[in-house]
Amino acid sequence: MTGFLFDNPREPSKALSEAEARIIIIRIAAGEFLNRIAADFDVNPGRISEIKTGKRFGHLPRPYRR
């Protein structure tokens, strides 16, 4: 079990583009589950939540915000 902490074959989450963020915002507004959106983009659901709250890509308009 040599270096088992460093033998992770998984890749880190990919960076989302602004175009992808726009699609994600539309899908959130349509009521899709965040975990399903995350699976489609191969990212952690936390990244989708950050887009939803505006922590990431905060400059993009969100139809569900008041």
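## Helices α1 and α3

Let's start with α1 and α3, whose axes come within 10 Å and cross at roughly 80 degrees. That makes α1 roughly perpendicular to α3 (a label for angles of 65 to 115 degrees). Axes here are lines fitted to C-alpha atoms over the stretch in contact, with angles running from 0 to 180 degrees between N-to-C directions; helices are DSSP runs of H or I with at least four residues, numbered from the N terminus.

This is a predicted model, where local features need pLDDT of at least 70 and side-chain atom pairs count only at pLDDT 80 or more, while totals for chains, interfaces and linings use all residues. Residues are numbered from 1 along each chain as its sequence is written, and side-chain values use heavy atoms, leaving out hydrogens and water.

From α1, Ala21, Ile24, Ile25 and Ile28 meet Ile48, Ile51 and Lys52 of α3 (contact means heavy atoms within 4.5 Å). Ile28 also touches Leu34, Ile37 and Tyr64, among others.

## Helices α2 and α3

Helix α2 (residues 34-41) and helix α3 (residues 45-53) have axes that come within 8 Å and cross at roughly 115 degrees. These two are therefore roughly perpendicular as well. On the α2 side, Leu34, Asn35, Ile37 and Ala38 meet Pro45, Ile48, Ser49 and Lys52 in α3.

## The nonpolar core

Twelve residues make up the largest nonpolar core, including Leu16, Ile37, Phe41, Val43 and Leu60. Such a core joins buried Ala, Val, Leu, Ile, Met, Phe, Trp, Tyr and Cys residues through side-chain atoms within 4.5 Å, buried being under 20% relative accessible area with a 1.4 Å probe, protein chains only. Helix α1 gives the most to this core, with four residues.

Technical notes
Parallel < 35°, antiparallel > 145°, perpendicular 65-115°, else oblique. Buried < 20%, exposed > 50% of the residue type's maximum accessible area, 1.4 Å probe, protein only. Lists of a residue's contacts leave out its neighbours within four places in sequence.
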